[in-house]
Protein chains: 2
Amino acid sequence: MAKHDPDLSLIFHALADPTRRAMLTRLAEAPARVTELANPTGLRLPTVMRHLSVLEEAGLIVTAKDGRVRTCALVPEAMAPVRTWLDTQRDIWEARLDRLDDYVTRLMKERTK
Amino acid sequence: MAKHDPDLSLIFHALADPTRRAMLTRLAEAPARVTELANPTGLRLPTVMRHLSVLEEAGLIVTAKDGRVRTCALVPEAMAPVRTWLDTQRDIWEARLDRLDDYVTRLMKERTK
DNA sequence: ATCATGCTTAGCCATATATCTAACTATCCC
DNA sequence: GGGATAGTTAGATATATGGCTAAGCATGAT
C-alpha cells in the first residue's frame with residue numbers, strides 16, 4: 001500500500017481539525033484577513049498561521065499579502081478529490097451489492113426450477 | 001471555535017492515512033479478516049490493529065471475532081457526515097455567489113437607470 | 001496433549017502536531 | 001520619525017501518531 005494520493009492525505013488531514021474546518025466555513029462566506037480568522041478561535045497568531053499553512057499546503061485556500069494585510073480565500077474546487085474518492089468508494093460498495101443481488105436472484109431461480 | 005463534531009474530526013483523521021483508505025477500499029469489496037487486510041500493506045500485525053481500531057473508533061468499520069478470527073466490515077453510512085459537511089460547505093459558497101450575483105445585478109440596474 | 005494459527009498486549013522509538021511566548025519586520029498614519 | 005498595526009520567525013513543550021519487537025493467549029487441527 002504505497003503512498004499514492006498524497007493530495008488526499010493532505011486534504012483529509014487538513015479537514016481533520018475543527019479549527020481548520022471552522023476557518024474554511026468562514027472563508028466560504030467571504031475572503032478574510034488573518035486576524036479576522038484568528039479572532040473567533042481564541043488562538044494566538046502563530047498558531048493560526050500554522051493552521052492556515054496546513055490549509056494552503058492542502059490547496060484548500062490561497063493567500064496573498066497586500067501591504068501588511070494577508071487575505072485568505074477558499075479554493076472550493078480543492079474539495080473535488082474528496083468527493084471523487086467518496087464516490088469511488090460508494091461505487092465499489094454498490095457493485096458489491098449488485099453482485100449479491102445477482103447471487104440471490106440466481107439462488108431463487110435455482111429454487112423455483 | 002469549540003470542538004464540535006468530534007465525529008467529523010475522527011472520520012477525517014481516519015481517512016487521512018493511505019493505508020487506512022486502502023483498507024476501506026478493500027472492505028468495500030467484501031468483509032475481510034485481519035490478516036487479509038494486513039497482507040497487502042507489508043505492515044506488522046500490531047500496526048495493522050492500530051489502523052483498524054482508528055477506523056473502528058471513527059465508526060467506519062465494525063469488527064467481530066468468531067473463534068480466533070476477527071472479521072472486519074465496512075459501515076458505508078458512516079461516510080454520511082462527510083458528505084453532509086461537504087454539501088453544507090458548498091451551500092454556503094453558492095449562497096455567496098448568489099449574493100454576488102445580486103450585487104452585480106443591482107449595479108447593472110443602477111447603471112442603465 | 002501438542003502445536004500451529006491468528007490475533008492481542010505491552011512497551012519502545014522517532015517523527016509530527018498543536019500550542020505557546022518572545023522577539024522581529026514591515027506597513028500605515030500623524 | 002515614531003508609534004500603532006498586522007504578520008512573521010524562532011524556538012520550547014507536550015502530546016499524538018505510526019511503526020517496530022517481543023511475549024502472551026485463545027482456538028482449531030492432529
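**Exercise 1. The protein interface**

How many residues of chain B are in contact with how many residues of chain A?

*Solution.* The model is a predicted one: local features need pLDDT of at least 70, side-chain atom pairs count only at pLDDT 80 or more, and totals for chains, interfaces and linings use all residues. Residues are numbered from 1 along each chain as its sequence is written, chains are lettered from A and ligands numbered from 1 in the order in which they are written, and side-chain values use heavy atoms, with hydrogens and water left out.

Step 1. Contact is defined as heavy atoms within 4.5 Å. On this criterion, 39 residues of chain B are in contact with 39 residues of chain A.

Step 2. The size of an interface is often given as the accessible area lost when the parts come together. Buried area is here the accessible area (1.4 Å probe) that two parts lose on being put together, summed over both. Between chain B and chain A about 3,500 Å² is buried, and carbon and sulfur atoms give 64% of that area.

Step 3. A salt bridge requires a side-chain nitrogen of Lys or Arg within 4 Å of a carboxyl oxygen of Asp or Glu. Two salt bridges are counted between chain B and chain A. One of them joins the side chains of Asp87(B) and Arg83(A), at 2.8 Å from N to O.

Step 4. A polar contact is a pair of N or O atoms within 3.5 Å; within protein, one must be able to donate a hydrogen and the other to accept it, and residues adjacent in sequence count only if both atoms are side-chain atoms. Ten residue pairs, both at pLDDT 80 or more, are in polar contact across the interface of chain B and chain A.

Step 5. Helices (H or I, at least four residues) and strands (E, at least two) are DSSP runs, numbered from the N terminus. On the side of chain B that touches chain A, the elements giving two or more residues are helix H1 (6-15), helix H2 (18-29) and helix H5 (80-112) of chain B. H5(B) gives the most, with eleven residues.

**Exercise 2. The relation between the copies**

Which rotation superposes chain B on chain A?

*Solution.* Step 1. Superposition is by least squares on the C-alpha atoms of residues with pLDDT of at least 70 in both copies. A rotation of 180° with 0.0 Å of shift along its axis places chain B on chain A, with an RMSD of 0.1 Å.

Step 1. The two copies are therefore related as by a two-fold rotation axis. The same surface serves both copies, since 100% of the contact residues of chain B recur in chain A.

**Exercise 3. The surface near DNA strand C**

Identify the residues closest to DNA strand C and the elements that supply its surroundings.

*Solution.* Step 1. A residue is near a strand if one of its heavy atoms lies within 4 Å of it. DNA strand C is surrounded by 21 residues, the closest being His51(A), Thr35(B), Met49(B), Arg68(B) and Arg70(B). Of the atoms of DNA strand C that come within 4 Å of the protein, 67% belong to sugar and phosphate.

Step 1. A polar side-chain atom of Arg68(A) is 3.0 Å from a base oxygen of DNA strand C.

Step 2. H4(A) gives the largest share, four residues.
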